[in-house]
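Biologist: I am new to this structure. Could you take me through a few parts of it?
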Amino acid sequence: MAHNLKTIQSDAEFRKETAATKFAAIHFWAPWCEPCKHMDIVFEELAKEHPVTQFLRVEAEELSDISEEYGVTAVPFFAIVKDDKVVDQVEGADAASLTQKVSKHFGSGASVRGSIAPPSSSRLASNGTASTSVATNGTSGTDTSHKTLETRLDKLVHSAPVMLFMKGSPAEARCGFSAKVVEALKQAGVEFKHFDILSDDAVRQGLKGFTQWPTYPQLLVNGELLGGCDIVMEMQQDGSLKTAVQEALGSDQGDKSALQQRLKQLLDSSPVILFMKGNPDAPRCGFSQKVVSALRSIKVPFNSFDILTDEEVRQGLKEYSQWPTYPQLYVKGELLGGCDVILEMQQDGELKQSIEDALGESEPQGVEQRIHKLLKDNPVMLFMKGTPEEPRCGFSQRVVATLKATQEPFETFDILSDEDVRQGLKKMFDWPTFPQLYVSGELLGGCDIITEMASSGDLQETIEEMKNRML
């Protein structure tokens, strides 16, 4: 339990605690009230996130004098107290509102020194906006990182129509609440994708502020929070879960469907099409001009679309492609890349070949060529069964964990997804089992060798030496 979270046992204890602090959040609860139990979890999470603010639990009926002072008529009830006044309150089980108001008034810089007294009969400050200076919260110098995280979160919550942020995966949930929601969605016949918040603490902490919901799991539909475990389970029990998801999906389905159709027609209008600012003869930004020059240098015919002339297409294509910037180059309806990707391909002499491959105009690439390209493009490459997030064998899982411990960046290829590559590797490098780790195109070894090198402390040094040999 958080050190700043206390359950008040008496009137005297309440007076003592409130006299010793300037800022407090008070939860008035009752043991018979089910919503209080859920909100108490939220309250405890908030206490951990705001360690310099006092969080007090008061059993409303047992300490009725205090409840009467604060105007409590129903539970759960929350009072936000600053400088001798109740500056805000939340009535009922509204976790999002409670989280928002605690963050608004306390931020992360409130001091516990000072004192508060029981509120006056008016209880709520007239403007409810005391201490706006706390809202700035000392964020100078972090705007860029916040914007980057917000962009990531926005992309994640929109990566699937129904998205579950949970602990673990549907196959191996890492907490009971996540397991319950997974089962509820399966029983309701709701298709969904998931993200394991235990794999990325930046996402785990950032999403709490993004959705204004402090606990997990969180179910989002069309990028909007539908609820946590209690809400989802309640919907399942009353039979409304599938209907609620469908309604959330269908609210703007008509507009989205029409836009999707427009985008598809545009993408199909030319084998190679560049969505840019301006047109090829008069580009309206330097990045668009560079891509036009790159395409003309390899003499690839292409059409273009000026996204400055159509805001709906401009915004819709970002979501369609999950690519936030322009220009964007498409070949046969598939995104090839933006400015950086196209220029890198041009510098490597691969741009024309990549476009011809996508158009189907080049000779089919043999399996050995494919493997050599994979090894050339990825300095540290692990051929494994499954993915790092969901390994399909214990040996692959062990090597992934070992590489992660070295903090050495690496790419992977799931050999279960391509039998030609699986058999081709065995033949080319005379190594019969998987996983296989390659550095700078050379086979370093399988599970036993990698594990042994890690145990002796030689793994990271060997990888660096092999990478440096190829420079």
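Biologist: Is threonine 215 buried or exposed?
Modeller: Threonine 215 counts as buried because its relative accessibility is 12%; buried means under 20% relative accessible area, exposed over 50% and partly exposed in between, with a 1.4 Å probe and protein chains only. This is a predicted model, in which local features need pLDDT of at least 70 and side-chain atom pairs count only at pLDDT 80 or more, while totals for chains, interfaces and linings use all residues. Residues are numbered from 1 along each chain as its sequence is written, and side-chain values use heavy atoms, leaving out hydrogens and water.

Biologist: Where does threonine 215 lie?
Modeller: Threonine 215 is in the loop between α7 (201–211) and β8 (218–221). Helices (H or I, at least four residues) and strands (E, at least two) are DSSP runs, numbered from the N terminus.

Biologist: And what does threonine 215 touch, not counting residues up to four places away in sequence?
Modeller: Threonine 215 touches Ile41, Val42 and Glu45 on that count, where contact means heavy atoms within 4.5 Å.

Biologist: Changing topic, which helix holds leucine 259?
Modeller: Leucine 259 belongs to helix α10, residues 253–268. Its relative accessibility is 15%, so leucine 259 counts as buried. Leaving aside neighbours within four places in sequence, leucine 259 is in contact with Glu312 and Gly316.

Biologist: How far apart are leucine 259 and leucine 317 in space?
Modeller: Leucine 259 and leucine 317 are 9.2 Å apart, C-alpha to C-alpha, and 58 residues apart in sequence.

Biologist: Next, at what angle do α16 and α19 pack?
Modeller: Helix α16 (residues 394–406) packs with helix α19 (residues 459–469) at about 80°, and their axes are 10 Å apart. Axes are lines fitted to C-alpha atoms, for helices over the stretch in contact, and angles run from 0 to 180 degrees between N-to-C directions. That angle makes α16 roughly perpendicular to α19, a term for 65 to 115 degrees.

Biologist: Which residues make the contact?
Modeller: Thr402, Leu403 and Thr406 of α16 meet Leu459, Gln460 and Ile463 of α19.

Biologist: What about the sheet with β10: what is the strand order?
Modeller: The order is β13-β10-β14-β15, in an open sheet of four strands with mixed pairing; two strands pair if DSSP finds at least two bridges between them. The edge strands β13 (303–306) and β15 (334–337) each pair on one side only.

Biologist: How many bridges join β10 and β13?
Modeller: Strand β10 (residues 272–276) pairs with β13 in the parallel sense over four bridges. Aspartate 306 in β13 is the bridge partner of methionine 276.

Technical notes
Angles under 35 degrees count as roughly parallel, over 145 as roughly antiparallel, 65 to 115 as roughly perpendicular and the rest as oblique.
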